[in-house]
Every structure is written in C-alpha cells, then in structure tokens.
Amino acid sequence: MNPSTHRGDRQNIRQGWQEEVRQQEARREEARQEGAWQGNHQGDRQDARQNNQQNARWESREEAKTPAKALEAEPGRQFTHAGKSFVVSVVKVLLALLCLVLATAAGRIQIPGNPVPITLQTAVLMCMALTLSLPQITAAVASYIALGLAGFPVFSGFISAAALVGPTAGYIWGFLVATLVTAVIAGATRSRSAVDVAAAASARRFDGGLRDVIGIGSGRRGSRISRQVFSRVLTLSRFALACFVGLMLTQYTMGILMQAFLTHVSVSSLIMVSLPFLAADSIKVVFALIFSLTCMKFVESTDAPSEKGE
C-alpha cells in the first residue's frame with residue numbers, strides 16, 4: 001500500500017470524526033437553546049398567570065371599595081340595594097312620625113297669656129332635621145300634618161284638624177318649612193342627612209397646610225385628634241346655627257304672624273310673650289346637638305372597617 005494513500009485515509013477519517021463531533025455539539029447547542037426558550041416561555045406564562053390573578057384580586061378589591069360600580073354591573077344586585085335603601089328610608093320616616101306623636105302625648109307647658117304651649121315637638125323636629133334627608137323629612141312632617149287633617153288627635157292638647165285653623169296654626173304649618181330650612185343649612189341633601197355628610201367630610205377636613213395655619217397639634221397623633229376636635233366644633237356650630245335660623249327664627253316668624261292675623265293682637269306683644277320660649281328652645285338645641293353627635297360617631301364607627309380595609 002502506498003504510504004501517501006494510507007495517510008490520506010487517516011486524514012479523511014479524522015475529518016469525518018471531527019465533523020461528526022461538530023454536528024453533535026451543534027445538536028446539543030440547539031437542544032440547550034430550545035430548552036432555554038421553553039423554560040423562558042413557561043416562565044412568561046407563569047408571570048402572566050400571576051399578573052392575571054393579581055389583577056383579579058385588585059378588581060375585586062376595587063369593587064368592594066366602590067359598590068356603585070359593582071351595582072351598575074349587576075342589575076339584580078342594584079335592585080336589591082335600592083330595595084334595602086327604600087326599606088331603611090321608610091323605617092326612618094315611620095320612627096320620626098312616631099316620635100312626633102309621642103312628643104305630643106308627653107304633655108305641654110302652658111305659658112300665661114300665650115295660647116301656644118311649650119312641647120317636645122320642636123326637639124324632635126331638630127333631631128329630624130339633622131339626621132334625616134330632605135325627602136325623609138318632607139314625608140315624616142307631611143304625614144304628621146295629614147294625620148291631624150284626617151281627624152287623629154296628634155297635635156298639642158290632643159287636638160286634630162281644629163289646631164290647623166286656630167292660634168297655633170302658623171307653628172304647625174311652619175313645621176315643614178322650618179325643618180327643611182334647618183336641614184339645608186346643616187348640610188342635608190336629597191340622598192343624605194346632615195349627619196351623614198358631616199361624618200363623610202370629617203375624615204378629609206383640615207388636612208395639609210391648614211393645620212399649620214391654625215397651629216393645632218404637635219405630633220402626628222395629637223395633630224389628628226386636634227383636627228377631629230376642631231372639625232367637631234365647626235360641625236356642631238353649623239348645626240346650632242341651622243337650628244336657630246330654621247326651627248327658631250323661621251318657626252317663630254310664621255307662627256307669630258299667623259297668630260297675630262287670627263287673634264288681632266299686635267306682633268310686638270306676641271314677641272314679648274314668646275320670649276320664654278327661647279330658653280326652652282335653647283335646651284332643645286343642646287339636646288339635638290348631643291343626639292346628632294352620637295349619630296355621627298355611630299356612622300363613623302360603621303364606616304371605619306371599610307376604611308381600614310383599604
């Protein structure tokens with residue numbers, strides 16, 4: 001055999017082996033790349049799944065925070081919520097009407113020289129003005145007057161329709177107007193009472209720079225407590241002003257003018273005779289403020305768990 005031919009064969013064998021080794025390495029590299037791609041793809045799918053789960057949890061939390069959106073998306077749930085709200089409103093109106101009737105039954109204090117007695121009706125009306133919405137106030141007071149028109153002895157002295165044309169007629173007809181004026185000044189709306197509005201606003205009132213301007217509160221906790229106290233004082237002051245303008249000034253104006261028209265007594269004389277009512281009504285204002293503050297704390301305590309959950 002020719003030595004050169006033998007060397008050529010061995011060289012061919014070596015080249016073939018090297019080629020096979022390169023092909024094997026290429027196949028292994030392709031396998032590694034394919035495995036890495038599959039691993040990355042699987043990781044992407046896991047990340048996408050986790051993101052979807054997180055988004056679902058976030059959406060559920062947002063629905064819990066904003067029930068109005070959930071109600072819009074579910075008509076049946078919206079109907080149930082509207083039905084519950086209607087039932088609650090009816091119960092509030094009936095309770096207010098019952099309190100007015102019971103206030104009449106509790107008795108009265110007669111003022112010498114004045115046919116208009118001191119009763120607890122004004123105190124009940126003040127509490128209604130601060131804790132009921134405008135439609136609820138209208139329904140309760142209108143129902144009370146309608147009961148008297150129907151012949152039920154629900155007015156002071158257990159009188160029915162005769163009181164609506166007597167010396168106290170102006171005060172009775174003024175119940176509705178004076179209570180609505182009080183509620184509007186206190187902050188009530190068509191859907192929320194003054195207490196509800198004040199409770200919702202107390203959490204976000206006097207944040208930021210106003211605290212530094214008025215200079216209350218040194219620490220974080222002390223600052224928050226000071227803001228809450230300051231907010232309470234302003235809210236109760238507004239409530240007291242509303243009771244004075246509505247169920248005192250407006251009520252007296254309507255009552256005295258109609259009493260003067262029916263009895264032919266001068267307005268100045270009736271004003272002088274009605275002065276003792278101011279002391280009694282001032283006590284009623286204090287009672288209404290305490291009652292409204294208690295209701296406000298109750299509303300805030302019921303809203304506190306949802307705020308902590310956020």
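Biologist: How many of the residues count as buried here?
Modeller: Of the 310 residues of the protein, 30% count as buried, where buried means under 20% relative accessible area with a 1.4 Å probe and protein chains only. This is a predicted model, in which local features need pLDDT of at least 70 and side-chain atom pairs count only at pLDDT 80 or more, while totals for chains, interfaces and linings use all residues. Residues are numbered from 1 along each chain as its sequence is written, and side-chain values use heavy atoms, with hydrogens and water left out.

Biologist: Which elements does the protein have, and how do they run from the N terminus?
Modeller: There are 11 helices and two strands, and from the N terminus on they run α-α-α-β-β-α-α-α-α-α-α-α-α. Helices (H or I, at least four residues) and strands (E, at least two) are DSSP runs, numbered from the N terminus.

Biologist: Switching to rings, how many aromatic pairs are there?
Modeller: The count comes to three aromatic pairs, taking rings of Phe, Tyr and Trp (its six-membered ring) whose centres lie within 6.5 Å, with planes under 30 degrees apart counted as stacked, over 60 as edge-to-face and the rest as tilted. One of them is the tilted pair of Tyr144 and Phe175, at 6.4 Å centre to centre and 35° between the planes.

Biologist: And where do Tyr144 and Phe175 lie?
Modeller: Tyr144 lies in helix α5 (residues 134-149) and Phe175 in helix α6 (residues 169-186), so the pair ties together parts that are 31 residues apart in sequence. Tyr144 is buried, with a relative accessible area of 0%, and Phe175 is also buried, at 5%. Together with Phe155, Tyr144 and Phe175 form one aromatic cluster.

Biologist: So how do α5 and α6 pack, parallel or antiparallel?
Modeller: Their axes are 10 Å apart, at an angle of about 170°, with axes being lines fitted to C-alpha atoms over the stretch in contact and angles running from 0 to 180 degrees between N-to-C directions. The two helices are therefore roughly antiparallel to each other, a label for angles over 145 degrees.

Biologist: Which residues in α5 and α6 meet?
Modeller: Contact means heavy atoms within 4.5 Å, and among the residues of α5 that meet α6 are Leu134, Val141 and Tyr144, while those on the α6 side include Trp173, Phe175 and Leu180. By class, this contact has 13 nonpolar, two polar and no charged residues, where Ala, Val, Leu, Ile, Met, Phe, Trp, Tyr, Cys and Pro count as nonpolar, Asp, Glu, Lys and Arg as charged, and the others, Gly among them, as polar.

Technical notes. Buried < 20%, exposed > 50% of the residue type's maximum accessible area, 1.4 Å probe, protein only. Parallel < 35°, antiparallel > 145°, perpendicular 65-115°, else oblique.
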